[in-house]
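Dear colleague,

Please read it with the structure open beside you.

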Amino acid sequence: MEIPFLVLLALSIPVCAIAGLVLGLSARSKLTLLQGRVAALESELRLARAQAGPAASSAEQQAPASIPEAPIEEAPAPDVPPEPEAEAPRPAGSVPAIQPPVPQPAPRGRDFEETLGSRWAVWVGGVALALGGIFLVRYSIEQNLLSPATRIAFGGLFALALIGAGEWLRRRERSIAVPGVPDANVPSILTAAGTCGAFAAAYAAYALYGLIGPAAAFITLGLIAVLTMVASTLHGPVLAALGLLGAMGSPLLVSSDEPQPWALVIYLAFVVLPAYGVARLRLWRWLALAAATGVLIWTLLIFVLDAQDALPAMVHLVIQGGLGALFLVALPYRAIPDTESGIDRAASIVLLAFAVAAVAASGTVAAGDGRAIFVAAMALVLLATGIRFAPAAPAATWAALTSIGALLIWPIRADLGGTPENLFYQSGDLFAVRPHALEIYLGLALIAPAAIAGAALLRLVRSPDLRLSAVAWYAGAATIGPLLALVAAYWRVADLERSLSFALIAGGLALAFIAATRWLNRQDGAEGAPIRLALGATASAALAALALGLTFALDKGMLTVAFALTALGTAWVSERTGLPALRYAVGAIGLIVLGRLIANPTIVDGHLGPALVGTPTIVDGDPGPILINWLLWGYGVPALTFLGASRLLERSGRDRIVQLTESLGIVFAAFLVFFEIRHALHAGDPLAGDFSLLEAGLLATESLVFAILLTRLDLRRGDPVYRWGSLIFKIMSLALCAGGLLLIENPLLTDDAILGGPVFNALIPAYLLPSLLAAGLALVERRARPRFYSLSSAILSLLLFSAYVGLEIRRLFAGPELALWRDFTQGEHWAYSVALLATGILLLGLGFVRDNRFARLASAAYLVLAVLKVFIVDLANLEGVMRALSFIGLGLVLIGIGLVYQRLLAHRPSNAAIPS
């Protein structure tokens with residue numbers, strides 16, 4: 001009869017496994033022999049040291065008191081080295097010579113036979129045992145040799161045999177450490193193989209054969225996992241990981257028609273305790289973190305099991321949060337002083353995950369009336385952990401965030417059918433506030449943040465030696481928590497509308513923070529860094545609460561004004577109290593105001609006030625004076641307040657906060673002028689899409705004025721704010737002039753009508769005024785900037801002035817429309833020649849008076865242009881007296897310039913000649 005191939009395979013694998021086990025045991029015998037030899041060597045070494053000890057001590061006793069003065073005698077070196085037992089006698093008082101260290105042999109490399117026999121054979125043997133058992137069970141199933149119950153029984157017995165063998169070997173094993181011969185950890189491998197077999201037998205009894213029900217399988221798998229983790233205290237971390245994985249995965253292997261979330265809650269609490277205990281006993285922190293992560297993942301699955309009742313999930317979170325806080329924070333840090341422990345980031349992250357899960361659970365409609373108790377319990381667990389143990393100080397802030405998150409998504413409204421709705425679960429019908437839910441909501445909003453803030457402040461006062469990292473977390477819980485809770489309640493209850501009630505609550509909160517600041521300032525350690533940091537936090541929080549009160553009570557642009565005035569007040573308080581945190585609060589308020597203006601540049605939604613041109617906008621029936629509108633309040637007040645705040649803060653040093661505050665003041669002032677120009681020119685709409693010549697000229701004027709002011713400030717007191725600010729405004733002016741005035745909005749190219757009369761018209765603010773300002777900027781830059789800066793400004797001034805003169809001549813002769821394709825008269829041609837000559841003479845005189853070589857060279861350029869214009873253009877286009885006058889004028893001017901230069905050369909000193 002031919003033996004089936006599977007039978008041979010099933011028989012050969014156990015044989016291989018036994019062979020591998022024999023090889024492993026053989027290697028263990030070799031290790032035992034080596035251990036005996038090492039022990040013998042150690043005993044001989046101890047005996048030699050014991051014999052040398054009395055001899056050395058007797059020699060010291062016989063030595064006289066004046067040993068340092070005795071001559072040092074060396075023992076003669078014999079030709080034949082003496083035996084180790086016989087040592088040459090030394091005279092009394094002599095010092096033995098120091099023998100050089102005996103060189104140690106280099107460690108021997110790992111032998112292939114040792115590696116194969118001590119490690120590979122054991123690992124392969126363990127895997128082979130597991131595979132052999134699986135193949136044997138498979139063969140018995142295919143051949144129908146055994147009944148299902150018998151198969152499960154044999155599988156369980158095989159698993160118990162492997163576990164027993166592992167424990168037997170562990171008890172007989174003696175821990176040694178021989179270099180070059182690694183430990184194969186045979187007992188752990190056998191125990192892990194037996195554990196896998198036990199899991200497989202229990203699951204097969206439930207899923208494959210139906211021998212046990214879901215409850216029995218559930219309990220059996222959990223017991224196996226727990227016992228595996230307990231056994232890992234003896235067999236190492238691999239078995240612990242296997243047990244935890246089996247414990248967390250066992251519920252997924254058992255299915256039931258009627259899910260029992262409460263049983264799962266009890267099961268997870270039962271199996272996670274051994275994991276935490278083993279982690280604590282063996283100091284395996286990774287095991288505790290993995291256990292906490294596993295129960296957090298199971299929270300979502302508990303929700304899935306029963307979406308109509310969130311109570312099991314909430315109880316699960318409270319229990320697991322408490323266990324995590326106990327084993328991750330309380331037990332490890334119970335005897336460590338606050339001054340010797342920093343923030344435990346891993347534990348803090350795990351507790352933050354519990355806080356986030358608690359917020360998600362509280363936001364479900366299924367939470368019902370137990371929501372408030374659950375949020376309070378979870379916040380209490382986190383607060384107690386964070387307050388008691390400084391390494392978990394972030395947990396106090398997580399407690400505040402838990403209450404804030406719950407307030408943010410609390411279902412305080414209901415639809416027309418009475419179904420509760422929250423911020424994320426809305427049906428689209430009309431909503432009405434539920435009175436009972438609103439009472440509970442407001443009670444939690446008042447009690448929870450106040451309790452957290454009070455506990456955090458007491459912790460700061462009672463522990464003045466805390467590290468600054470922990471102080472920062474406690475200060476954040478005491479200040480940011482109540483502020484964000486107030487904002488969340490205002491959002492959910494008042495729906496971001498004006499509310500005097502919430503404004504009064506914000507005022508009361510500001511008074512509470514002021515009282516806390518005064519109380520902290522009276523404490524004994526008020527001069528220390530921790531209390532000073534807390535003082536700054538509470539003072540800043542008082543100002544923030546005041547700003548929130550103004551936000552709740554005011555509308556339109558007054559909110560921006562209120563924040564700006566708050567920043568000025570904060571700077572004044574900072575200068576009077578010397579609290580560094582308040583300086584940063586000023587910068588933070590400035591960024592908030594900047595964000596507010598970016599989000600809504602027009603300050604208010606709707607009409608801003610009267611405009612300069614177009615149809616004036618009426619506000620409340622009274623147009624009011626020109627340029628007096630919400631822009632003046634929304635940008636002007638912040639500009640003045642932040643510039644003033646920078647001066648107050650600068651009294652105690654010019655740091656980055658001062659620079660930021662002053663920069664914000666400059667930005668707000670620039671935006672004020674910018675939007676006022678657009679508001680005046682676009683019928684009250686500063687965000688209009690069109691652009692005009694007059695607007696480009698006024699914006700260029702604004703940029704040049706700011707560039708001149710900042711350059712002069714940089715000359716007086718060099719600072720990056722002024723230096724970079726002047727450079728930015730100059731670049732803007734160059735772009736507006738070159739791109740806007742000379743190209744895009746040039747009336748010669750657009751044919752747009754020029755506003756105003758023949759002389760006083762839009763060309764003056766568009767070209768002449770920027771030209772004069774550019775010349776002034778060039779003069780200022782001569783003393784503060786490289787020559788290139790001044791030169792570029794001077795060239796810009798000349799270009800703008802030439803454009804103004806040419807366009808003004810065109811306006812006088814052609815009317816408001818100045819397009820190039822319109823005809824030019826003889827008088828206009830002659831006027832351009834006169835303008836070129838006059839400009840050249842003006843520049844020449846300026847160059848002589850100011851001793852400015854650039855002006856003289858520029859005058860030469862204009863005169864060359866005039867010569868070319870007369871001899872090319874005028875000769876071809878002018879006739880009669882106009883042509884004659886053009887040439888006569890050019891000749892007189894050139895002769896006069898020549899005479900002037902001759903007189904200057906005649907008065908030049910003789911030593912100015914160039915040497916040969």
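**Helix packing, salt bridges and a surface patch**

In α22 and helix α24 (residues 763–781), the two axes come within 12 Å of each other and cross at roughly 150°, and this crossing is left-handed. On the α22 side the contact is made by K730, L741 and L742, while α24 brings A766, Y767, L777 and E781 to it. Please keep in mind throughout that the model is a predicted one.

Helix α22 (residues 720–744) also packs against helix α20 (residues 656–681), here at an angle of about 25° and with the axes 10 Å apart. Since angles under 35 degrees count as roughly parallel, α20 and α22 are therefore roughly parallel to each other. The crossing of α20 and α22 is right-handed, and the residues that make the contact are Q659, E662, S663, I666 and A670 from α20, together with P720, V721, Y722 and F729 from α22.

Another pair to look at is helix α10 (residues 345–362) with helix α11 (residues 371–388), whose axes come within 10 Å and cross at roughly 170°. That angle makes α10 roughly antiparallel to α11. The contact is built from L351, F354, A355, A358, A361 and S362 of α10, which meet R371, F374, V375, M378, L382 and T385 of α11.

Turning to the charged residues, side chains of opposite charge can pair when their charged atoms come close. With a side-chain nitrogen of Lys or Arg required to lie within 4 Å of a carboxyl oxygen of Asp or Glu, the count comes to 13 salt bridges. One of them joins D655 to R583, with the closest N and O atoms 2.9 Å apart. Because D655 lies in the loop between α19 (630–649) and α20, whereas R583 belongs to helix α18 (residues 580–599), the pair ties together parts that are 72 residues apart in sequence.

Finally, on the surface there is a nonpolar patch formed by V759, F760, L812 and F813, which together have about 440 Å² of accessible area.

With kind regards

Methods
Residues numbered from 1 in each chain as written. Predicted model: local features only at pLDDT ≥ 70, side-chain atom pairs only at ≥ 80, totals over all residues. Heavy atoms only, no water. Patch = residues over 30% accessible without salt bridge, like charges linked within 9 Å, V, L, I, M, F, W, Y side chains within 5 Å. Areas by Shrake-Rupley, 256 points an atom, 1.4 Å probe, with all protein chains shown as cover. Axes fitted to C-alpha atoms, helices over the stretch in contact; angles between N-to-C directions. Helix = DSSP H or I, 4+ residues; strand = E, 2+ residues; numbered from the N terminus. Parallel < 35°, antiparallel > 145°, perpendicular 65-115°, else oblique. Left-handed = near helix turned anticlockwise from the far one by under 90°. Contact = heavy atoms within 4.5 Å.
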